[in-house]
Amino acid sequence: MTPKKLDAPFYERLSLVMVGLLSLGFLIVQGKEILDPLVFGFLFAILLLPVSGFLERKLKLPRSISSLLSIVLLISFVGGILYLVGTQISKLTSDWPQLQKQVGQSVNNLEGWVEDTFHIDLQRQASYLHDTAKKIMASGTEVVGTTFGAVSSLMLFYVFIMIFTFFILFYRKLLFTFVLRVFRHHNEPVVHDIVENIQLILRQYILGLLIEMVVVASVACTAFWIIGIKYAALLGIIVGLFNIIPYLGIFTALFLSVLITFATGAVGDAVWVGISVVCIHAVDSNVLLPTIVGSKVRLNALITFLGIILGEMIWGLSGMFLSIPMIAIFKIIFDRIEALKPWGFLLGGDYEFKKAAEKKMKTE
């Protein structure tokens with residue numbers, strides 16, 4: 001007679017989970033330089049997998065050529081967006097004298113307000129500005145060097161992403177076979193289910209974000225055109241692009257839209273632009289996001305917000321982008337492993353209650 005296996009107490013299991021999470025977090029922080037582009041390459045590879053497969057099946061291309069062509073198509077798409085934004089920004093530079101005049105007038109108004117409110121005369125304000133300008137100019141060389149280094153690192157980061165995307169597409173069968181062998185033959189159905197769902201959910205999530213970006217940009221361009229501001233297309237594209245950043249992107253889009261409108265137009269137009277951006281964001285958060293994106297990734301708002309904050313703390317801006325798809329991957333894994341199902345339930349939130357209620361109604 002075999003002895004009955006006793007489960008470990010909850011506090012013991014929770015302690016092991018917390019130690020594991022802290023160890024994993026430490027390794028993720030230390031391995032940012034390699035893991036960051038690798039995860040982006042993994043996401044892009046999943047997105048491009050149908051394209052690469054189509055080129056292999058229909059055009060009978062070798063896997064190396066199909067993977068390379070898929071990446072070229074992705075680069076062309078991103079380059080087209082950047083070209084569109086660049087052409088709009090080039091038009092903005094033609095109004096540089098007007099922008100300088102508007103900013104100068106605003107600075108004069110601000111100086112007058114500071115003098116009336118805080119009783120600091122114009123001479124003292126000019127002295128503060130002069131000292132600040134001298135400090136900035138003294139560190140100008142350092143700033144230029146830092147900026148050049150940041151741009152070089154960013155370009156190298158994008159190159160690594162494309163390299164990882166190519167190799168993941170090229171060696172996808174090898175990587176999948178490795179995962180199957182790691183988890184043994186009797187777990188093969190679960191591994192197949194997890195891999196298929198990860199591909200499906202992430203692909204739908206990325207495409208959903210792109211659709212949402214296009215819809216928001218189109219609505220914003222239309223609203224700004226109705227208001228009658230000069231750079232309606234540019235500001236609409238800015239709102240659509242920054243809308244990809246969850247929660248925090250709206251504040252950046254709002255600031256840039258109002259600032260550019262104020263610098264090139266009337267104060268009333270800037271107010272209407274700010275109201276329009278807030279209204280568009282409200283509709284997007286309550287209608288578009290749940291319909292287009294939220295239906296693909298079933299995560300509750302608390303976990304999503306915490307994930308974004310932790311992602312920014314760990315990997316900065318790229319961590320904010322990657323937080324939601326990475327949490328979605330963990331939820332897919334948790335939901336299919338019996339011991340981890342409570343954690344999958346925690347990540348799902350209200351959706352899990354609805355799913356349980358629907359299951360109960362079907363059984364009754």
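Me: Which residues does Leu241 touch, not counting residues up to four places away in sequence?

Reply: Start with the rule. Contact means heavy atoms within 4.5 Å. Leaving out residues up to four places away, Leu241 touches Ile81, Val85 and Met213. Note that this is a predicted model: local features need pLDDT of at least 70, side-chain atom pairs count only at pLDDT 80 or more, and totals for chains, interfaces and linings use all residues. Residues are numbered from 1 along each chain as its sequence is written, and side-chain values use heavy atoms, with hydrogens and water left out.

Me: Which helix holds Leu241?

Reply: Helices are DSSP runs of H or I with at least four residues, strands are runs of E with at least two, and both are numbered from the N terminus. Leu241 lies in α9. The protein has 15 helices and zero strands.

Me: How do I describe the packing of α8 and α9?

Reply: Two packed helices are described by the angle and the distance between their axes. Axes are lines fitted to C-alpha atoms, for helices over the stretch in contact, and angles run from 0 to 180 degrees between N-to-C directions. Here α8 (residues 188-227) and α9 (residues 232-242) have axes that come within 7 Å and cross at roughly 150°. On the α8 side, the contact includes Met213, Phe224 and Trp225. On the α9 side, Leu235, Ile237 and Leu241 are among the residues.

Me: What kinds of residue make the contact of α8 with α9?

Reply: Sort them first. Ala, Val, Leu, Ile, Met, Phe, Trp, Tyr, Cys and Pro are nonpolar; Asp, Glu, Lys and Arg are charged; the others, Gly among them, are polar. This contact has 13 nonpolar residues, two polar and no charged.

Me: What does Ile229 contact, leaving aside neighbours within four places?

Reply: Ile229 is found in the loop between α8 and α9. Beyond those neighbours, Ile229 is in contact with Phe224, Leu235, Thr261, Asp269 and Val273. Its relative accessibility is 10%, so Ile229 counts as buried.

Me: Which side chain makes a polar contact with the side chain of Ser52?

Reply: A polar contact is a pair of N or O atoms within 3.5 Å; within protein, one must be able to donate a hydrogen and the other to accept it, and residues adjacent in sequence count only if both atoms are side-chain atoms. The partner of Ser52 is Ser66, at 3.2 Å. Ser52 sits in α2 (residues 32-58). At 0% relative accessibility, Ser52 is buried.

Me: What is the phi of Lys60?

Reply: Most residues other than glycine have a negative phi. Lys60 has a positive one, near 60°. Lys60 lies in the loop between α2 and α3 (63-93). With a relative accessible area of 67%, Lys60 is exposed.

Me: Which residues of α14 are buried?

Reply: In α14 (residues 341-348) they are Gly344, Leu347 and Gly348. Down the axis of α14, these buried residues fall within an arc of 100° (from the directions of the helix axis to the C-beta atoms), so they line one face of the helix.

Notes. Buried < 20%, exposed > 50% of the residue type's maximum accessible area, 1.4 Å probe, protein only.
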